[in-house]
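Visitor: I'd like a walk through this one, with the cut-offs behind each term. Could you show me the thing itself before we start?

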Amino acid sequence: MAEMKRAYVRPLDLKQGRVDLTHGSGGRSMVQLISELFAKHLGNEYLGQGNDGAVLPAPTIHGHAGRLVMSTDCHVVSPLFFPGGDIGCLSVHGTVNDVAVMGATPLYLAAGFILEEGFPLSDLARIVESMARAAREAGVPVVTGDTKVVERGKGDGVFITTTGVGVLPDGLELGGSRARPGDAIIISGSLGDHGVAIMSKRENLSFDAPIESDTAALNGLIAAMLATGADLRCLRDPTRGGLAATLNEIAGQSGVGMMLHEKAIPVKPVVAAACEFLGLDPLYVANEGKLIAICASADAERVLAVMRAHPLGREAALIGEVIADDHHFVQLTTAFGGRRIVDWLAGDQLPRIC
Amino acid sequence: MKYIDEFRDGELAKNLAASIGATVEPGRNYSFMEFCGGHTHAISRYGLSDLLPPTVRMVHGPGCPVCVLPIGRVDMAIDLALNHGVILCTYGDTLRVPASDGLSLMKAKARGGDIRMVYSTLDALQIARDNPAREVVFFAIGFETTTPPTAVAIQQAEAEGLANFSALCCHVLTPSAISNILESPEVRQWGTVPLDGFIGPAHVSTVIGSRPYEFFAEEYRKPVVIAGFEPLDVMQAILMLVRQVNEGRAEVENEFSRAVSRDGNLKAQDCVAEVFELRREFEWRGLSVVPYSALKIRQKYAAFDAERRFDLEYRSVPDHNACDCGAILRGVKKPQDCKLFGTVCTPENPIGSCMVSSEGACAAHYSYGRYKDMH
């Protein structure tokens with residue numbers, strides 16, 4: 001009996017092809033998309049198990065069993081590609097950072113893709129490659145995932161949800177409720193780069209600003225900070241809502257106030273200029289590769305020194321201190337010499353008229 | 001930032017504050033109205049009042065384009081988006097202004113209205129070019145600063161034959177609003193609102209010049225100092241006002257000479273005069289109906305007038321009855337005097353228009369200054 005000829009399967013057309021509904025229907029096309037794109041770039045021993053879930057070794061840290069930290073983040077950025085990054089690397093960085101700021105070592109990621117019918121496969125390939133690169137650099141593999149396709153017009157190209165798991169050593173407690181009056185407030189670098197880079201490419205608003213998103217995985221920087229043994233109370237990455245939202249959140253959780261010093265807050269001149277003519281305040285603009293550290297004031301210099309020695313913390317700065325305040329206000333001494341509140345943002349930041 | 005940081009210098013601010021402190025006469029109170037929301041914003045954002053002597057009080061005026069927009073006008077825009085199927089283009093600040101039935105443009109958008117935020121009238125024109133089968137309406141609001149761009153857009157649409165573009169004109173005039181305040185019984189008869197002078201608008205004055213204010217200075221014996229929107233501009237203007245009051249002068253002085261001339265921008269004025277004419281009356285939030293205080297599109301450009309094209313009728317809608325925006329816009333009350341302030345009316349859920357834009361007196365005080373009420 002002649003051997004059955006293996007059916008010829010036309011490879012995915014990653015140059016001209018587009019996502020269609022069959023890529024999400026559970027048939028061969030879907031398997032092909034997964035194997036030729038996702039598994040090819042993101043593949044590792046766990047993803048390669050090919051089951052509905054990944055079987056992972058019990059996490060340990062420094063040879064001991066640790067506690068698990070888990071976080072999830074949905075990414076719906078527009079435009080999908082922006083100066084300094086894209087939705088792919090962003091979806092890795094965002095979740096790695098959310099796990100790392102808890103003090104945990106990020107171990108694994110899961111990724112869910114919602115694709116819109118008609119989306120170019122070439123763009124999807126760029127996104128997946130960028131994701132794979134970011135995961136490699138952060139040292140956190142994608143071990144399981146899911147893909148769905150929605151009809152044209154019912155999605156915005158690509159949405160990516162990532163979930164991360166990490167392990168936290170016993171004894172380490174970081175959290176938003178741990179800030180105490182007298183603590184130092186430190187920022188790892190300049191504010192607003194990501195938000196302004198994105199805005200500079202929005203369809204109705206494109207302007208040429210030589211500014212790149214700061215999207216980056218912060219687990220390396222955080223590991224170096226933790227290794228100092230400094231008395232760190234809380235780490236957060238000031239993404240949506242920027243520095244203002246994050247500090248208001250911590251002030252509320254800890255039941256304290258904060259006093260910031262405008263002169264000490266690093267903002268790149270080009271970001272300040274873009275915010276100026278858009279009528280925005282950089283304190284409210286999103287970051288994707290920055291962290292806020294609140295630590296005992298006695299340890300502030302030590303933490304700053306370690307941060308500044310790391311490529312992602314070169315411009316780290318002490319920007320203020322935690323104070324006692326029953327109203328939990330975040331306040332700012334302006335460079336002009338006055339004082340004001342840095343309040344929660346109400347809705348989106350909308351440009352003023354004149 | 002070159003040409004900006006120089007006007008926000010903390011050291012210079014200290015010197016100016018010392019000069020103001022040395023110039024005010026002991027035992028005398030000074031009360032100045034900054035007409036513009038831009039000044040209100042600068043005063044709050046830079047914490048400027050912390051640098052002033054306690055005898056100098058700043059009264060916030062009605063010059064916030066979003067704040068003076070009456071509910072009925074926002075209703076018209078929402079009607080266009082929801083019931084006439086148009087693409088409604090609007091400046092961002094306008095999206096959250098509360099309208100009738102608990103709606104705002106933002107909420108109308110969530111109900112399916114095609115409402116798009118634009119940064120300039122040119123964006124609205126582009127949307128009209130890109131969507132030839134749709135009606136595109138630009139929600140034209142603001143004082144003299146934003147009027148010339150609307151005029152240019154209408155002229156451009158005519159030149160291109162863009163038949164699907166029109167504007168819902170709600171442009172208002174600064175001088176009429178200032179007269180209205182000066183004529184109000186609180187200022188003129190009862191003297192419950194002491195006003196010793198005005199900080200004149202920055203951007204508005206680049207268009208209309210300083211000449212239109214000469215009438216107020218002379219007729220009402222109130223000094224006017226036109227000032228830029230940077231905090232040092234405001235400080236310098238306050239010093240100039242204090243000097244005028246001390247010396248019994250009531251003149252128009254121009255602190256913002258780097259951008260404002262006596263005659264203003266004649267080209268822009270011509271352009272506005274070509275496209276617009278005076279409206280007989282216009283309802284303002286807070287000032288109610290003010291005669292000859294706004295513009296409408298001339299008959300010649302009627303095809304680009306959304307009010308005519310869609311046969312819209314203005315219906316006056318009263319403000320929430322506990323809302324003090326009206327009195328706040330006239331300087332009669334301070335934001336914290338309003339019962340709703342900071343309780344049911346917050347920037348997240350504005351009841352009155354002064355809580356919407358960060359140029360509004362209530363939003364500025366809530367977002368930047370309310371710690372002062374607590375301590």
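Guide: A residue is buried if 20 or more other C-beta atoms lie within 10 Å of its own, exposed if 12 or fewer, and partly exposed in between, with C-beta atoms placed from the backbone. By that count, 54% of the 375 residues of chain B are buried. Bear in mind that this is a predicted model: local features need pLDDT of at least 70 and side-chain atom pairs count only at pLDDT 80 or more, while totals for chains, interfaces and linings use all residues. Residues are numbered from 1 along each chain as its sequence is written, and chains are lettered from A and ligands numbered from 1 in the order in which they are written.

Visitor: What makes the radius of gyration of chain B agree with a compact globule?

Guide: The radius is taken over C-alpha atoms, and the globule rule is 2.2 Å times the number of residues to the power 0.38. For 375 residues the rule gives a value near 21 Å, and chain B has 21 Å, so the two agree. The C-alpha box along the principal axes is roughly 65 × 45 × 45 Å.

Visitor: Why do strand 3 and strand 8 of chain A count as a pair?

Guide: DSSP needs at least two bridges, and strand 3 and strand 8 (residues 158-168) of chain A have nine, in the antiparallel sense. A:Thr72, for instance, stands opposite A:Thr163 in strand 8 of chain A.

Visitor: What touches what between domain 1 and domain 2 of chain A?

Guide: The bounds come from an automatic or database domain assignment, which gives domain 1 (21-168) and domain 2 (184-341) of chain A. Contact means C-beta atoms, placed from the backbone, within 7 Å; on that basis 20 residues of domain 1 of chain A meet 19 of domain 2 of chain A. Helix 2 of chain A gives the most to the domain 1 side, with eight residues.

Methods
Helix = DSSP H or I, 4+ residues; strand = E, 2+ residues; numbered from the N terminus. Contact = placed C-beta atoms within 7 Å.
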